[in-house]
Each structure stands twice: as C-alpha cells, then as structure tokens.
Number of protein chains: 2
Amino acid sequence: MNAEILTIGNEILIGQIINTNSVWMAQQLNMIGVSVVHMSSVADNRNDIIKAFEDASNRANIVLITGGLGPTKDDITKKTFCEYFETHLVIDEDVLQDVTAIFAKKNRDLTDLNRRQAEVPQGSLVIRNKNGTAPGMWMEKNNTIYVSMPGVPYEMQAMLLNDVIPEIKKRFELPFIHHKTILTQGIGESFLAELISDWEDALHEKGIGLAYLPSPGMVRLRLSANGRDELELIRKIDEEIEKLKPQIDKYIYGYEEYGKEQPKIEEILGKLLLEKGLKLGLSESCTGGYISHLVTSISGSSAYYNGCIVPYQNEFKNALLKVDNSIFLEQGAVSKECVEAMVKETLVVLNANVAIAVSGIAGPGGATSEKPVGTTWIAVSDGKKTISKKFIFGDNRLRNIHMTATTALNMLRKLILNIED
Amino acid sequence: MNAEILTIGNEILIGQIINTNSVWMAQQLNMIGVSVVHMSSVADNRNDIIKAFEDASNRANIVLITGGLGPTKDDITKKTFCEYFETHLVIDEDVLQDVTAIFAKKNRDLTDLNRRQAEVPQGSLVIRNKNGTAPGMWMEKNNTIYVSMPGVPYEMQAMLLNDVIPEIKKRFELPFIHHKTILTQGIGESFLAELISDWEDALHEKGIGLAYLPSPGMVRLRLSANGRDELELIRKIDEEIEKLKPQIDKYIYGYEEYGKEQPKIEEILGKLLLEKGLKLGLSESCTGGYISHLVTSISGSSAYYNGCIVPYQNEFKNALLKVDNSIFLEQGAVSKECVEAMVKETLVVLNANVAIAVSGIAGPGGATSEKPVGTTWIAVSDGKKTISKKFIFGDNRLRNIHMTATTALNMLRKLILNIED
C-alpha cells in the first residue's frame with residue numbers, strides 16, 4: 001500500500017519553516033507497513049493544490065495533507081477541496097460545538113471567522129481536533145483517500161495517531177511489522193556500531209533490519225521485521241535482543257515498542273522515583289534549568305520532584321548552595337569539588353532523597369586552556385553515595401545542554417539501581 | 001522566474017532524516033528573487049526520478065536536485081540522468097584529478113567505485129566539489145535547467161553559493177523580493193486577523209502579500225512584495241507597517257528581516273537587559289525551569305542573568321521565597337498574592353534588578369472548580385513597579401508551559417520599556 005505526503009503553505013516554499021511534519025508522518029506510516037512513495041510541498045494556491053491532488057491519485061492509495069487550514073485569509077485550502085471533490089462547505093455541528101466550547105472556556109466571543117473553522121466539505125468524514133479549532137477531513141475520489149489535517153504539529157499528531165492510523169488499519173490489509181527499539185545512553189554511534197558489528201551481520205541474515213537513530217547523548221537502535229505471524233516476529237526480535245544484551249547492558253536504559261508510549265529518560269527516571277518513594281532535587285549551572293524542564297514536562301512529576309536551584313553566577317552557588325568561595329579560586333566552578341558541594345547542599349535545601357548537580361562550559365564563550373568548551377562536571381547523590389564525572393561534550397551550546405541533561409538523568413537512574421559503569 | 005527543489009533518497013521517504021537541504025535552498029533562492037513553486041522528494045528509483053523531471057519542466061525554469069550521488073547509489077541516478085537527457089557517461093578529467101587528490105591525501109588507493117565518481121553525463125556543465133568526491137552537474141532540456149548536487153549539506157551549500165547562484169544571476173534577470181515580519185505576542189491569530197482586516201484588504205490592493213505564522217503564545221505577520229526597485233519595496237513595506245503600528249503596537253515585540261537573524265523573545269529581552277545594565281532573576285513553579293532554559297539558551301546570557309529558583313512544592317515557595325503559608329490556605333499557590341510574594345523575594349534572593357515569577361496549573365492534573373487547567377498567574381517586577389496578570393491558556397501541558405514562558409518574557413520587556421497594556 002502506497003502513501004503520499006503533501007504539505008501546503010507558502011511558508012515552506014520560502015524556507016521560513018522546516019517541514020518536520022512530513023518526516024514524522026513518514027515514520028508513522030512506515031511503522032505500520034505503509035510505503036511513502038512521494039512527498040511534496042506546494043503553495044497556498046488553487047492550481048497547485050489541484051495539480052498535486054491529481055498527480056497523487058496516480059501514485060498513492062492515500063494522501064496525507066497538512067497545512068492551509070488556519071482561520072485567516074491566506075488559506076484557500078478548504079475552498080479548493082470543495083472544487084476538487086465537487087461539493088460545497090457545510091457547518092459541522094459537532095465541530096461547531098468544539099470550537100464554541102474552546103472559546104467559552106477562554107471567555108471569548110465566537111467571531112464569524114472562528115465559526116468558519118466548523119465548515120467542512122459536505123460528504124467528508126470529519127476528524128475532531130482535541131487540541132485546536134481546525135478539524136481534520138477524510139475525503140475520497142477515484143479510489144484515492146485524501147486526509148487533510150492542520151499544520152500545527154501536536155494537533156496533527158494527535159489526529160494521526162488516534163484517528164487516521166486506526167482507520168487505515170481497518171480499511172487496508174497491511175503486513176504486520178514489528179519494531180522494537182533499544183534505548184542507549186553513554187556511547188557514540190560509531191563506537192556502538194563497532195562493538196555490535198558481528199551481532200548486526202547475523203541479524204541481517206535473519207531478515208531483521210537495524211537502524212541507528214542518534215540524538216544528543218543517546219542512540220536508539222531500532223530492530224524491524226515484517227511478516228504474517230505477529231507472535232513469531234515478536235519472539236524473533238526479543239531473542240536477538242537477549243543475545244545482544246550482555247555486550248551493551250550498561251548502556252541500555254530502556255526499550256520502546258511501536259504504538260506504545262516512547263519512554264524518555266526523564267519518564268523512566270520519574271517512574272523509578274515514584275516506585276521507590278524518592279524525592280528529587282536539582283541544581284543546574286550550565287544547563288540553566290533544562291533538566292528541571294525535562295523532569296517537569298512529565299505530568300504528575302510533582303509527586304516526586306521538589307525543585308531546582310539555578311545559580312547562574314558563582315555568588316549564588318555560594319549563597320544558595322554553600323559552595324566555598326575557595327573552590328572558585330582554586331578548582332574553578334567547573335570542577336569535581338564544585339558539583340559535589342552543590343549536590344550535597346541540594347539534598348538539604350530541597351529536602352530531597354536524591355539530587356543532581358551540574359556545572360560546565362556550554363559555550364561558545366567561557367573556555368580556558370585547560371577547560372575547552374563542552375567540559376562539564378556532573379554529580380549525583382543519594383546522601384550516602386555520591387558519584388561525580390567529567391565529560392567533554394562538544395562545541396554546540398544547545399547540544400551540550402541537551403547532552404548534559406540526558407547524561408545526568410541516566411547517571412542518577414544508575415545510582416538508584418546500583419548499576420556500575 | 002520559478003524554481004523547483006527535488007530531493008532524491010529513500011532515507012527521506014522512510015522518515016529517517018529531516019530534509020533540511022530543501023529549506024536552506026528555498027531560503028537562498030527566495031533571497032535572490034527566485035520563487036520556489038514546488039518541492040518534492042522521491043525514492044532512488046528510475047521511474048520516479050524521470051516522472052519528477054518531466055513534471056518539473058512544466059512548472060519551473062530551474063530544478064535544484066540533491067541526493068542520489070553517493071558511490072553506491074550513483075548507478076541509478078546518473079544512469080537515469082543520461083536516459084532523460086539522451087546522453088551517456090564520460091569521465092571528467094578535472095573531477096578525476098580532484099577525486100584522486102582526495103584519496104592520495106588519505107593515503108588510500110582509488111577503487112573502481114571511487115573512479116566512477118568522476119563520471120558525468122556528456123554535455124553537462126560540471127561543478128567541482130571542493131568538499132567531497134561527487135561533482136555537481138548542470139544540464140538542460142526543453143528550456144529547463146537541472147542542477148544535480150550531492151546530498152551532504154555542506155558540500156551542496158558550497159556549490160550552491162559559489163557556483164550555482166552566480167550562474168543563475170548571470171543567466172536570468174531577477175526581480176527583487178523583500179520580506180519583513182512583525183513579531184507579535186499576546187493576541188491569537190483570529191483576533192489579530194479581525195483587528196487588522198481593513199489594513200490587510202488595503203495591503204492586497206498594493207500588491208503586498210501577508211502571511212500569519214502562529215506558534216505557542218505568538219503570531220508572526222510576514223509582509224512580502226517583489227519588483228524591480230529594491231529601495232522602493234523596502235519603503236513601501238515599511239510605510240504599511242507604520243500604518244498598522246498604532247492598531248497593534250502593544251502586541252509587537254520585534255521585527256525580522258529576511259536573511260537576517262530571526263530574533264526570539266528571549267534574545268530581544270536579553271539585549272534589552274544588557275543595554276540597560278539590568279540583572280534578571282526568575283522563580284518558576286508551573287514552567288519548571290523552562291523560562292530559565294530559554295534565557296540561558298542565548299550565549300552570553302551570564303552577563304545579565306543571575307539565576308532561578310524552581311520551588312515545585314509549596315514548602316519551598318515558603319522556605320526559599322518566603323511566601324506566607326496563609327496564602328496557600330486562603331488564596332492558593334496559583335494566585336496574585338503568591339506570584340507577587342515570589343517575585344518580590346526573587347529580587348532579593350537573586351540580587352536582581354528585575355524578576356519574573358510564575359505559578360499555574362500546567363495540567364492535566366491539579367485543576368479545581370475555580371481554577372481550570374491552564375490557569376496561570378505571572379508577576380514581573382523591577383522593585384518599584386510590580387505587574388501581575390492571570391491567564392487561562394489551554395489543556396496541553398507543554399503548550400501551557402511554552403505560552404506561559406513567552407508571555408512572561410514579553411511582560412517583563414513591556415515593564416522595562418514602560419509599555420502599557
């Protein structure tokens with residue numbers, strides 16, 4: 001079964017936004033065994049949209065479309081849909097209720113422009129939007145399905161996962177594809193590839209695909225196989241993972257299965273803290289609150305998270321976390337002594353059972369001859385045991401912040417589980 | 001003059017890599033007055049490539065192509081080029097020298113596969129690659145130009161800037177395109193559209209395009225026009241912006257000009273703090289460190305940023321920021337009284353001239369009958385003047401965090417600049 005992805009919007013063609021929707025949709029389709037054969041982007045222009053629809057019908061069974069559905073005048077998509085599908089716009093009462101409820105909640109009146117968000121081409125199957133005002137629309141012509149969704153990523157993502165993919169699975173007989181992803185932290189892509197090269201060769205002979213998916217501080221290893229027998233596929237992949245485990249056990253922090261939640265390190269750590277009844281405190285210098293942001297991005301984190309101190313100047317490392325001023329003079333703020341003093345006092349000030357402290361040179365400024373940009377010290381402690389480590393990440397400020405955060409969260413996970421490096 | 005961008009490669013269609021080449025090429029073309037009318041991605045497949053070439057010739061004067069030129073894939077792409085352009089491959093002696101030199105430098109022998117990198121379709125204009133082994137190729141058919149470049153971003157970028165763009169400018173007489181974007185915060189897309197609808201109508205009559213680009217908490221308004229007279233276009237767009245200003249002045253936090261840096265609110269505030277010699281302190285409850293992360297994502301922020309307290313439990317709002325326990329009992333932690341007490345003490349504890357404090361219900365849990373999810377209080381203060389405001393954002397946790405952050409940063413900017421709401 002073939003799919004095509006079409007994104008509508010001048011902002012893509014003038015290079016103002018990166019088209020992340022297409023890559024995300026392609027991943028989701030591939031995971032359920034649908035091949036994406038074409039991707040294209042066209043302007044908010046009637047002729048271009050119609051031409052793209054016609055071309056797509058020759059290539060694909062289903063066309064996923066995003067963009068062009070905002071309430072403003074630059075969007076002509078819905079009008080063009082009606083023309084292509086030879087129909088007209090009607091108010092969808094359910095959508096109108098949704099839109100009205102959103103505005104009522106904000107204590108705002110519904111304008112005419114807002115009301116028009118509830119208009120859909122007659123005959124289309126409406127996909128309600130739980131996160132915004134523009135509904136999705138499922139339409140058909142010449143044996144090709146066209147699904148139009150808003151361009152706002154989280155609105156589109158919820159619709160695709162909750163409504164569109166289940167509907168595709170219902171209508172088409174797809175081969176079963178099983179993916180399982182091993183989440184690793186603390187080893188780079190090329191080193192990992194060298195380490196597991198024999199295992200990987202054997203894998204290919206068994207018809208199992210392997211993809212390396214690197215992101216700052218971590219590499220995800222995705223194993224994929226397809227066939228008719230779901231249980232057999234699951235068994236086959238689990239068997240291979242069991243063979244690999246002894247080689248890379250200390251780098252593995254979790255697993256991901258398609259269709260289930262994709263666990264992030266902050267989520268895995270959060271569950272662990274909750275299970276063990278531990279309260280977490282943080283102090284962050286170079287990461288400037290990013291670790292705290294990751295921890296609190298998980299809903300329910302207030303059950304195990306006490307808070308954070310970001311002492312962005314040495315004066316506050318001293319005033320708030322009692323780091324002795326002699327440390328700044330002798331070892332500097334990016335040192336074992338500094339992060340160990342920080343982590344110790346974080347446990348006290350935030351009345352925590354476990355804590356993380358980080359201090360580093362995120363860059364581009366701040367480097368010395370002994371401490372290049374990327375130099376970072378991380379300490380984790382449960383009050384009894386404190387582990388501190390030095391890392392030299394890289395040149396890119398944001399990447400250093402991200403790598404420090406994921407590394408620190410995993411160091412605490414390992415401390416709690418008593419996993420040696 | 002119209003251009004089309006075509007990327008070739010299975011890795012794009014399976015969603016393994018984000019197509020950043022297309023957005024970068026689109027930016028470069030727009031800046032020299034070339035309109036990109038279509039972007040597409042196809043697999044490493046003969047039929048798909050030929051069809052894409054044919055379709056492009058109906059739409060564009062020039063087609064920029066990347067990908068498909070690696071030493072293993074070039075079989076199919078270059079062979080397909082020869083088929084489409086009705087020619088055959090020949091060794092280009094200059095390229096062979098380049099490739100040989102690269103391998104000599106690495107002390108490696110040239111394999112047959114490597115030698116074939118020097119093959120190009122006869123009759124094509126060769127673009128030498130200073131950063132890799134695959135050459136670029138400039139070919140023509142039916143009045144359409146096709147430029148094939150490698151997919152490795154920095155190899156392609158050097159070719160486009162040094163060779164392709166100068167050649168385009170030589171061959172075509174290009175109009176000048178000017179874009180200027182107004183950055184607004186604090187008003188939703190549809191309300192903004194209603195407010196400026198008369199101005200927008202007049203704009204279209206003058207040949208100026210307008211696009212609404214929303215993101216959490218803010219809307220960017222992009223004005224675009226093209227013509228022969230660069231200064232006239234700049235004047236025309238500035239004149240329209242001047243007309244609009246009185247209507248939406250309090251929502252504008254900055255401007256963006258095409259090709260220049262795109263300023264973020266945290267950057268604009270950072271510059272302002274630096275200029276005025278002010279030190280910033282933060283205390284964040286519901287945003288959990290995200291505002292601090294935004295502030296410290298800007299390099300050089302240590303010049304104006306002192307730090308942050310994240311008191312994620314009431315106990316620490318009391319212990320670290322002296323919020324009276326009676327406030328939690330009487331008004332609750334999400335209240336004017338709480339954020340005002342927090343902001344006041346933040347100035348003291350972090351020895352700051354200006355401060356932000358936020359407390360809210362990010363969701364999905366934590367709502368009460370009086371305070372739905374999304375309810376957020378923000379206070380900003382310079383010690384003399386304190387402004388606090390209540391917002392009801394929405395249902396989505398991360399979006400609430402993002403909206404609170406951008407709103408809070410802009411509230412502080414307005415306080416410093418003495419801009420009334």
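This is a predicted model: local features need pLDDT of at least 70, side-chain atom pairs count only at pLDDT 80 or more; totals for chains, interfaces and linings use all residues.
Local features are described where pLDDT is at least 70 and side-chain atom pairs count only at pLDDT 80 or more, while totals for chains, interfaces and linings use all residues. Residues are numbered from 1 along each chain as its sequence is written, and chains are lettered from A, with ligands numbered from 1, in the order in which they are written.

Let's begin with the layout of chain A. It is divided into domain 1 (2-171), domain 2 (176-257) and domain 3 (265-417), with bounds that come from an automatic or database domain assignment. Taken over C-alpha atoms, the centres of domain 1 and domain 2 of chain A are separated by 35 Å.

Now look for the open sheet of chain A, where four strands follow the order β10-β11-β9-β12 with antiparallel pairing. Helices (H or I, at least four residues) and strands (E, at least two) are DSSP runs numbered from the N terminus, and two strands pair if DSSP finds at least two bridges between them. β10 (209-215) and β12 (252-257) of chain A each have a single partner strand, so one side of each has no neighbour in the sheet. On average, neighbouring strands here are turned by 20° against each other, direction ignored. Seven bridges link β10(A) to β11 (residues 218-227) of chain A, and Ser215(A) has Met218(A) as its bridge partner in β11(A). Helix α10 (residues 230-248) of chain A packs on this sheet, touching β9 (176-185), β11 and β12 of chain A. Residues are in contact if their C-beta atoms, placed from the backbone, lie within 7 Å.

Next come pairs of helices. Two packed helices are described by the angle between their axes and the distance between the axes. Axes are lines fitted to C-alpha atoms, for helices over the stretch in contact, and angles run from 0 to 180 degrees between N-to-C directions. In chain A, α11 (residues 265-276) and α16 (residues 397-417) pack at about 30°, with axes 10 Å apart. That makes α11(A) roughly parallel to α16(A); angles under 35 degrees count as roughly parallel, over 145 as roughly antiparallel, 65 to 115 as roughly perpendicular and the rest as oblique. Residues making the contact include Leu269(A) and Leu272(A) of α11(A) and Leu409(A) and Leu412(A) of α16(A).

In chain B, the axes of α13 (residues 314-321) and α15 (residues 336-349) come within 10 Å and cross at roughly 40°, and the two helices are therefore oblique to each other. Here Lys317(B), Leu320(B) and Leu321(B) of α13(B) meet residues of α15(B), including Ala341(B) and Glu345(B).

Finally, turn to where the chains meet.

Conventions: Two residues are in contact if their C-beta atoms, placed from the backbone, lie within 7 Å.
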